[in-house]
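The following questions and answers are meant for a reader new to this structure. Please look at the sequence and the model before reading on.

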Amino acid sequence: MNTDLLNKKYVYHYTGFDALFSILESYRKRDKKSLLLRASNIYKMNDPKEMEAGFYAVKHILPRYEAENNIHEDIRLSEVYNNVKSENACKEDYMKGRDNQFIDFGNIPYSISLSARGDYLPMWALYGQKGKGVCLEFDTFKLQDSVFDLGESYSLDKVVYRLKKGTRSLESLIDFLYQLCLNDTNNNKPTIEDKIGDLADLCILVSPYYKYQDYEYEQEVRLTYIKSFQIKLKDNNPMHGLDSHKIEEHIEIPIPINCLKNIIIGPDANYEVMKHILELELDNCGLNPNMIKQSKIAYKSK
């Protein structure tokens, strides 16, 4: 988890009114303790090119990491980059290998997109129904605590747009995965096919946190859950085949209600009407209507 987030008092989630009312309805009908926010399968994000950034982030950092940490040449995953055929095979495995309806084994990240920028016109335009939606303001400290309580499969971290030496989150993950690779090899030299698969797995795990520099203005923060799909033997008998797991496009992650600070109504929404409707819904939920705020941006569409 990136401690730099502690410098940001709030983080924000832009969405539409329909999505917000669905979240509040679920809150009202359930335990009235947490909001369920939808996390998207990393393969089902709006822009498929996002996946490329994770692949090239690993390619940029991995060889230097291996050299500085004296990783034995026999197990260096960067061997995959030594020829176009193996690199393309790895990229294909990473970009499309888990993008199917069922999976027997592997890890799939699910992410909720947040931003360090609140009430920001470009974010309204892209993610807040062109200014007619809402922006949920969350207390960063409380949100970090709640993510920690959810367990080690969850993380909250800033997206990296500029790769540089000292990208700690990526290097710590590389270190962790190398330990797994060493355990898996059982002192046997891994084949190039093994390395292609291991490198693709590494790229998948870092993919939520790397985007191209063109998107730096978003100052994105992601709450991510890594869902593990494990092979299950029927009747504990390897002769009876495997159970496959269907991959969901979305899952819901609980956010404690005390993390929610304010609800900002978009600059192009009918503030008085939407405020009245939202006040009624918040009252039904037992929540304070005073958390409703109006966007400070002077913008109205024609």
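Q: Is Glu-68 buried, partly exposed or exposed?
A: This is a predicted model. The relative accessible area of Glu-68 is 45%. Buried means under 20% and exposed over 50%, so Glu-68 is partly exposed.

Q: With which residue does Arg-64 form a salt bridge?
A: Arg-64 is partly exposed, because its relative accessibility is 23%. The closest N and O atoms are 3.2 Å apart, and the partner is Glu-68.

Q: How far apart are the closest N and O atoms in the salt bridge of Glu-279 with Lys-275?
A: Helix α8 (residues 271-284) holds both Glu-279 and Lys-275, 4 residues apart, about one turn of the helix. Glu-279 is partly exposed, because its relative accessible area is 25%. Lys-275 also counts as partly exposed, at 22% relative accessibility. The closest N and O atoms of Glu-279 and Lys-275 are separated by 2.6 Å.

Q: Which residues are joined with Lys-211 into one network of salt bridges?
A: Side chains of opposite charge can pair when their charged atoms come close. Lys-211 and Glu-220 meet in a salt bridge of 2.9 Å, N to O, and both residues are buried. Through salt bridges that share partners, the network joins Lys-211 with Glu-218, Glu-220 and Arg-222.

Q: How many salt bridges does the structure hold?
A: The pairs named above are among them: Arg-64 with Glu-68, Glu-220 with Lys-211, and Glu-279 with Lys-275. The number of salt bridges in the structure is 14.

Q: Which lysines gather in a patch of positive charge on the surface?
A: One of them is placed in strand β12 (residues 260-265), namely Lys-261. Residues of such a patch need over 30% relative accessible area, and Lys-261 counts as partly exposed because its relative accessibility is 42%. The patch consists of Lys-9, Lys-142, Lys-261 and Lys-293.

Q: Which residue in β13 is the bridge partner of Ile-264?
A: Strand β12 is mostly covered, with 5 of its 6 residues buried. Strand β5 (residues 134-139) runs antiparallel to β12, and 5 bridges join the two. β12 also pairs with strand β13 (residues 292-294), in the parallel sense and over 3 bridges. There the bridge partner of Ile-264 is Lys-293.

Q: Which residue in β4 is the bridge partner of Asn-41?
A: Strand β4 (residues 106-115) is largely enclosed by the rest of the structure, because 8 of its 10 residues are buried. Strand β2 (residues 34-41) runs antiparallel to β4, and 2 bridges join them. In β4, Asn-41 has as its bridge partner Tyr-110.

Q: What is the phi of Asp-119?
A: Most residues other than glycine have a negative phi. Asp-119 lies in the loop between β4 and α4 and counts as buried, at 18% relative accessibility. Asp-119 is not a glycine, yet its phi is positive, at about 50°.

Q: What separation lies between the C-alpha atoms of Gly-128 and Asp-268?
A: Gly-128 sits in the loop between α4 (121-127) and β5. Gly-128 is buried, because its relative accessibility is 0%. Gly-128 and Asp-268 are 140 residues apart along the chain, and their C-alpha atoms are separated by 10.0 Å.

Terms used:
Residues are numbered from 1 along each chain as its sequence is written. This is a predicted model: local features need pLDDT of at least 70, side-chain atom pairs count only at pLDDT 80 or more; totals for chains, interfaces and linings use all residues. Side-chain values use heavy atoms; hydrogens and water are left out. Patches are made of residues with over 30% relative accessible area and no salt bridge: like charges are joined within 9 Å, nonpolar side chains (Val, Leu, Ile, Met, Phe, Trp, Tyr) within 5 Å. Accessible areas come from the Shrake-Rupley method with a 1.4 Å probe; for residues, only the protein chains shown count as cover. A salt bridge is a side-chain nitrogen of Lys or Arg within 4 Å of a carboxyl oxygen of Asp or Glu. Lys and Arg count as positive and Asp and Glu as negative; His and the chain ends are not counted. The place of a charge is taken as NZ of Lys, CZ of Arg, CG of Asp or CD of Glu. Buried means under 20% relative accessible area, exposed over 50%, partly exposed in between (1.4 Å probe, protein chains only). Two strands pair if DSSP finds at least two bridges between them.
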